[in-house]
Amino acid sequence: SPNRPRVSTAGIPRCRGGGTLAQSGVYPTSREPGVAWFDVAVESVVNLAWWIAQLPHDEASVISALQIANEPALNTAGCMEPIKQFYREALAATRKVLPTLPLVLNFIYPNSGGLDIFMAEVQAWGGALVLDQHWYLK
């Protein structure tokens with residue numbers, strides 16, 4: 001899909017207010033080179049879903065929903081299509097493991113336009129969804 005980022009795993013640049021990248025360094029990863037961070041994200045959500053699915057009933061009963069991501073692409077404009085593609089793939093994979101648990105989709109400005117059309121698309125797939133839209137007013 002053209003909306004699917006192909007950023008391969010590597011160290012993630014650290015941000016230390018005001019320092020340069022050379023001063024800040026990176027958060028290292030043990031992931032194999034060539035694996036896309038997009039795939040790592042989907043795999044992580046599915047692994048969490050499997051963990052929930054394997055909990056004893058009394059422990060699983062306290063979980064009311066699973067939030068797929070929190071504030072994706074915060075303060076980074078132009079990421080709406082990759083975010084929606086991530087949610088499509090994560091939802092499809094997670095529903096195979098947790099068919100009835102409500103799944104929470106979080107969006108935040110500036111990547112929060114056109115949600116009515118997107119939510120109608122993914123709601124048609126079945127299972128409860130919760131739209132969590134964050135707005136920070138100054």
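Glutamate 71 is buried, with a relative accessible area of 13%, where buried denotes under 20% relative accessible area, exposed over 50% and partly exposed the range in between, computed with a 1.4 Å probe and protein chains only. This glutamate lies in the loop between β3 and α4, and although glutamate 71 is not a glycine, its phi is positive, at about 50 degrees. Most residues other than glycine have a negative phi, and most peptide bonds are trans.

Residues are numbered from 1 along each chain as its sequence is written, and side-chain values rest on heavy atoms, with hydrogens and water left out. For the protein chain the mean pLDDT, which is the predictor's confidence in each residue on a scale from 0 to 100, is 82, and 79% of the residues reach 70 or more. Among the elements, β3 has the highest mean pLDDT (96), and helix α1 (residues 21–24) the lowest (52). Where pLDDT is low, the predicted coordinates should not be read in detail.

The protein chain contains five helices and five strands, taken as DSSP runs numbered from the N terminus, with H or I over at least four residues for helices and E over at least two for strands. Along the sequence these elements follow the pattern β-α-β-α-α-β-α-β-α-β. Of the 138 residues, 33% are buried. Among contacts (heavy atoms within 4.5 Å) between residues at least 6 apart in sequence, 67% join residues at least 24 apart.

Helix α4 (residues 80–97) comprises 18 residues and spans 26 Å from its first C-alpha to its last, close to the 26 Å expected at 1.5 Å a residue, the expected span being 1.5 Å times one less than the number of residues. Its buried residues include Met80, Ile83, Phe86, Tyr87, Ala90, Leu91, Thr94 and Val97, and the elements that cover the buried residues of α4 include α2 (37–53), β3 (66–67), β4 (103–108), α5 (115–123) and β5. An α-helix has 3.6 residues a turn, so residues three or four places apart point the same way. Arginine 88, also in α4, is buried at a relative accessible area of 17%, and beyond its neighbours within four places in sequence it is in contact with Phe118, Glu121 and Trp125. Alanine 93, likewise in helix α4, is partly exposed at 21% relative accessibility. Not counting residues up to four places away in sequence, alanine 93 touches Val42 and Val46; valine 42 is 51 residues from alanine 93 in sequence, yet their C-alpha atoms are 7.9 Å apart in space.

Tryptophan 135, in the segment after β5 (129–134), is exposed, with a relative accessible area of 53%. Together with Tyr109 and Leu137, Trp135 forms a nonpolar surface patch with about 450 Å² of accessible area. Patches consist of residues with over 30% relative accessible area and no salt bridge, like charges being joined within 9 Å and nonpolar side chains (Val, Leu, Ile, Met, Phe, Trp, Tyr) within 5 Å; a salt bridge places a side-chain nitrogen of Lys or Arg within 4 Å of a carboxyl oxygen of Asp or Glu.

Terms used:
Predicted model: local features only at pLDDT ≥ 70, side-chain atom pairs only at ≥ 80, totals over all residues. Areas by Shrake-Rupley, 256 points an atom, 1.4 Å probe, with all protein chains shown as cover.
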